[in-house]
Amino acid sequence: MKIAIGSVNPAKVKAVEEACKEQDIDVIITPMSVPSGVSNQPFSDEETIQGAVNRATNCLLEENIEIGIGLEGGVVETPFGLFVCNWGALVVKGESPIIAGGARIRLPEDVAERLRKGEELGPVMEDVSKVRNVSKKEGAIGIFTNNVITRDEMFTHVMKILIGQFQFRKK
Ligand SMILES: O=P(O)(O)OP(=O)(O)OP(=O)(O)OC[C@H]1O[C@@H](n2cnc3c(O)ncnc32)[C@H](O)[C@@H]1O
Ligand SMILES: [Mg+2]
């Protein structure tokens, strides 16, 4: 099966590889830089889901790809503070999208304030953690959980929920 992941971010690519390996799925995975069609910093579940679906769908514009995967990070405002949210979409050519969400974590208020003022989480996290390319590595979730859960592990979980639903649909 030829599948594409709509990002070249190593944390996302690794998640797809890990989940397929764990589930014993025989695939050729192509990382592809495609537009998410939403803002660089999605600010709601809806916008983040849309980004994931758009990435997956855009992968399918490539002729030989049968399944497109989109993984998208965003933030959500709540009465309890600003949370990081993560969504994934798996689209089989010609079928409706399969969607799954990932773990959430509340951002410290100083980080949240900078995002509300228009900064992107990636650069803010680099500044706060002093880790370069943090969004390609452990991510905000890794930093704020003392690396107990890293961004690729979180996305691997999302991927497994997508694969599980894909298998259920095929039954
Ligand atoms: O190359 P792409 O696939 O776009 O990877 P990305 O790291 O930019 O990831 P997203 O577009 O999905 O995330 C939207 C923004 O939020 C940031 N972001 C999301 N989750 C993050 C995390 O866990 N740690 C650090 N930055 C994160 C990210 O760097 C972007 O600025
Ligand atoms: Mg991005």
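**Figure 1. Crossing of helices α3 and α4.** Helix α3 passes α4 in a right-handed crossing, a crossing being left-handed if the near helix is turned anticlockwise from the far one by less than a right angle, and right-handed if clockwise. The contact is formed by V111, R114 and L115 on the α3 side and by L121, V124 and V128 on the α4 side, where two residues are in contact if their C-beta atoms, placed from the backbone, lie within 7 Å. By class, the residues of this contact comprise 5 nonpolar, no polar and 1 charged; Ala, Val, Leu, Ile, Met, Phe, Trp, Tyr, Cys and Pro count as nonpolar, Asp, Glu, Lys and Arg as charged, and the others, Gly among them, as polar. Two packed helices are described by the angle between their axes and the distance between the axes. For α3 (residues 109-116) and α4 the angle is about 145 degrees and the axes are 10 Å apart, with axes being lines fitted to C-alpha atoms, for helices over the stretch in contact, and angles running from 0 to 180 degrees between N-to-C directions. Helices (H or I, at least four residues) and strands (E, at least two) are DSSP runs, numbered from the N terminus.

The model shown in every view is predicted, so that local features need pLDDT of at least 70 and side-chain atom pairs count only at pLDDT 80 or more, while totals for chains, interfaces and linings use all residues. Residues are numbered from 1 along each chain as its sequence is written, and chains are lettered from A and ligands numbered from 1 in the order in which they are written.

**Figure 2. The shell around ligand 1.** Among the 18 residues around ligand 1, those that come nearest are S7, G73, G122, S135 and G139; a residue is near a molecule if its C-beta atom, placed from the backbone, lies within 6 Å of it. At least two residues of the shell are supplied by each of β3 (67-78), α4 (121-129) and α5 (139-144). The shell divides into 6 nonpolar, 8 polar and 4 charged residues.

Figure 3. The buried residues of α6 include R151, F155, M159, L162 and I163, and the buried residues pack against α1 (10-22), β3, β4 (81-92), β5 (98-101) and α5. A residue is buried if 20 or more other C-beta atoms lie within 10 Å of its own, exposed if 12 or fewer, and partly exposed in between.

**Figure 4. Surroundings of G6.** G6 lies in the loop between β1 (2-5) and α1, and counts as buried because it has 30 C-beta neighbours inside 10 Å. Leaving aside residues up to four places away in sequence, G6 touches residues including M32, V34, R55 and N58.

Figure 5. Most residues other than glycine have a negative phi. K130, in the loop between α4 and α5, has a positive phi of about 60 degrees although it is not a glycine, and it counts as exposed because it has 8 C-beta neighbours inside 10 Å. N146, in the loop between α5 and α6, likewise has a positive phi of about 60 degrees and counts as exposed, with 8 C-beta neighbours inside 10 Å.
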